[in-house]
Structure formats: C-alpha cells, structure tokens
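Work through the exercises below with the sequence and the model in view. Try each task before reading its solution.

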Amino acid sequence: MKQHTTNAFSLIELMVVVTTIGLLALLGVPGIRKTTERAEATSAANNIRVFADAVEFYATSHGSYPSYMTYTNMPPDVSAYLPSFWKDGSYSWFYNSTEDFTYVYVYGMKFTPEQGVQLDTILDDGNIATGNLRVAYNGSGMVYLFANNSGLL
C-alpha cells in the first residue's frame, strides 16, 4: 500500500504562527503611535515657528508688532510670508498685542500632554510653564509669547 503524505500545516503550527504574529504586532503598535504623535507635534511646532518668524520679521522692519491680526485681516508683510493654512482658517488662532505683551494663542489642537511637551522641546525650553511657549488654560492649545517692549517675558 502506498502512503499518502500531505504538504499542509497542522492546526497547532498555524496557531503558533498566528499567535507569534499577533504578539509582534502588539509590541509594535505603541511605537508606531508614539512616532505618529511625535510627527504631529513636530509639524505643529514648525507651523508655529513660521508664524512667529513672520511676526518677528514684521516687528523688525516696522519697529513694533502688528497691533491687530486675524486670519482674514493681517498686514501684507505678514500675510506674504505665511502659508495658506494660517490664512484660510485651517488653524484656529487669536493674536493680541498691547504695550505690555504680544502673543498668539493657537487653540483646538487636541494634543496629548506628551505632544505639548514635545512641541515645547522643539520650539523652546522643554518646560510648558516657562519660556516663550506655554500650554493654554486646561490644555486647550498653545500660547506663543513674543518679547514685550522691555524685551523680557
């Protein structure tokens, strides 16, 4: 009698392979999520840096910060430097300038606390309570403080 051999995997072998792949995927997900969060924070930091640079360039050439700005109404010198997402309402922001201080409040960012710290590390001193970049009330956004008239924060 001729013996018949099959070239198939047993149920046990398939279960071991599926379990191993599942464990490897489970180990990789947190790293992928953390990398994604870091990339989002880096992108937002660069966008805030572009806005801050535009306002600083304006202040350098005109001797003072713009007194008033919204995404639909900003000086041409600032508007020409900014990408469209600052001017079309993609970012929610509020700008204020007085004799004592000038700041931009970017809100609705939906960041985790870790992303806020990462953003502050990229732009500032890594402490969300000091320096030019601060976390807004209740973690609702970020506040970028420009130097006031005396040059101090």
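**Exercise 1.** Find which residues of helix α4 (residues 113-123) are buried, and which are exposed on the other side.

Solution. Start with the terms: buried means under 20% relative accessible area, exposed over 50%, and partly exposed in between (1.4 Å probe, protein chains only). Helices (H or I, at least four residues) and strands (E, at least two) are DSSP runs, numbered from the N terminus. This is a predicted model: local features need pLDDT of at least 70, side-chain atom pairs count only at pLDDT 80 or more, and totals for chains, interfaces and linings use all residues. Residues are numbered from 1 along each chain as its sequence is written, and side-chain values use heavy atoms, with hydrogens and water left out.

Step 1. Gln-115, Gly-116, Leu-119, Asp-120 and Leu-123 are buried in α4.
Step 2. Seen down the axis of α4, these buried residues fall within an arc of 140° (taken from the directions from the helix axis to the C-beta atoms), so they line one face of the helix.
Step 3. Pro-113 and Glu-114 are exposed on the other side of α4.

**Exercise 2.** Name what the buried residues of α4 pack against.

Solution. Their partners, by contact (heavy atoms within 4.5 Å), are α1 (11-62), β3 (133-135) and β4 (141-146).

**Exercise 3.** Give the strand order of the open sheet, and explain why one side of β1 and of β3 has no neighbour in the sheet.

Solution. Step 1. Two strands pair if DSSP finds at least two bridges between them.
Step 2. The four strands have the order β1-β2-β4-β3, with antiparallel pairing.
Step 3. β1 (92-97) and β3 stand at the edges with a single partner strand each, so one side of each is left without a neighbour in the sheet.
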